[in-house]
Amino acid sequence: MTRVVLSIGSNLGDRLAMLRSVVDGLGATLRAVSPVYETAPWGGVDQGPFLNAVVIADDPTLDGRGWLRRAHEFERSAERVRAQRWGPRTLDVDIVTCRADGRELISHDAELTLPHPRAHQRAFVLMPWLAVEPDAVLTVAGQPRRVDELLAALDSTERDSVRHTDLVLR
């Protein structure tokens with residue numbers, strides 16, 4: 001069984017509908033959906049706030065590259081344009097971590113880096129993930145780290161920029 005944690009976000013168009021398109025597209029592979037959070041933009045680009053969530057899915061037919069193809073398919077369906085790094089987008093789907101047969105997949109090539117190299121720095125990933133998996137662990141610099149500890153280590157302004165909403169994806 002291949003299990004993936006995906007971080008999803010949108011700050012253009014019908015943001016909630018964009019996130020729902022991923023939940024709907026995962027269908028029977030979907031295992032968990034976090035609450036929806038509104039997040040200040042990250043990366044220093046002037047733009048509107050994001051809606052963010054985390055989803056967990058299982059699919060024995062996909063490996064890390066298969067999940068990357070699925071992520072790109074979701075983004076293409078949402079007409080994602082990659083005009084500016086960390087710029088506004090209709091939909092962003094990032095693979096946070098992927099496990100096969102109970103082992104975390106590691107990849108360091110130009111197309112796919114697993115686990116996500118900056119997830120541990122982003123409260124908009126860690127907070128929703130903890131909401132659906134309180135004992136979550138993420139490998140950082142080769143070492144497994146508890147996600148709750150990673151979140152606690154972030155600057156309070158980073159944590160405070162992520163606000164729980166009443167919006168639901170399922």
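Predicted model: local features only at pLDDT ≥ 70, side-chain atom pairs only at ≥ 80, totals over all residues.
View 1. Gly 25 is found in helix α1, and once its neighbours within four places in sequence are left aside, it is in contact with Arg 70 and Phe 74. Gly 25 and Arg 70 are 45 residues apart along the chain, and their C-alpha atoms are separated by 9.3 Å.

View 2. Arg 70 lies in helix α2, and with a relative accessible area of 17% it is buried, because buried means under 20%. When neighbours within four places in sequence are set aside, the contacts of Arg 70 are Gly 25, Leu 26 and Leu 62.

View 3. Helix α1 runs over residues 15–26, and its 12 residues should span 16 Å at 1.5 Å a residue; the C-alpha atoms at its ends are 18 Å apart, which agrees. An α-helix has 3.6 residues a turn, so residues three or four places apart point the same way. Just after the helix, Gly 27 takes a positive phi of about 50°.

**View 4. Helix α2 and the elements that cover its buried residues.** Helix α2 has 14 residues, and the distance from its first C-alpha to its last is 20 Å, close to the 20 Å expected at 1.5 Å a residue. Buried in this helix are Gly 64, Gly 66, Trp 67, Leu 68, Arg 70, Ala 71, Phe 74 and Glu 75; among them, Phe 74 is also a contact of Gly 25.

View 5. Arg 3 lies in strand β1, and apart from its neighbours within four places in sequence it is in contact with Ile 56, Ala 57, Asp 58, Thr 97, Cys 98, Arg 99 and Glu 133.

View 6. The structure holds one cavity of 30 Å³ or more, and about 40 Å³ of space lies in the largest cavity. Its lining is made up of Ser 7, Asp 94, Val 96, His 116, Ala 119, Arg 122, Phe 124 and Val 125, with β5 (92–100) and α3 (123–132) being the elements that give two or more residues to it. Sorted by class, the lining of this cavity has four nonpolar, two polar and two charged residues.

**View 7. The second largest pocket, with its share from strand β9.** The second largest pocket has a volume of about 160 Å³ and is lined by 13 residues, of which His 108, Pro 115, Thr 139, Ala 141 and Gly 142 lie nearest its centre. At least two lining residues come from each of β8 (113–114) and β9 (137–140), and the largest share, three residues, is supplied by β9. By class, the lining of the second largest pocket divides into seven nonpolar, six polar and no charged residues.

**View 8. The whole chain, as a setting for the close-ups.** The protein chain has five helices and 11 strands, and its C-alpha trace spans about 40 × 35 × 30 Å along the principal axes. A compact globule of 170 residues would have a radius of gyration near 15 Å, and the chain has 15 Å, which agrees. Of the 170 residues, 52% count as buried, and among contacts between residues at least 6 apart in sequence, 68% join residues at least 24 apart.

Key:
Residues numbered from 1 in each chain as written. Heavy atoms only, no water. 1 Å grid on protein atoms, 1.4 Å probe; cavity = no way out; pocket = protein on both sides within 12 Å on 5 of 7 lines; lining within 4 Å. Points joined across faces, edges and corners; volume = space filled by probe spheres on them. Helix = DSSP H or I, 4+ residues; strand = E, 2+ residues; numbered from the N terminus. Nonpolar A, V, L, I, M, F, W, Y, C, P; charged D, E, K, R; others polar. Expected span 1.5 Å × (residues − 1). Buried < 20%, exposed > 50% of the residue type's maximum accessible area, 1.4 Å probe, protein only. Contact = heavy atoms within 4.5 Å. Rg over C-alpha atoms; globule rule 2.2 N^0.38 Å.
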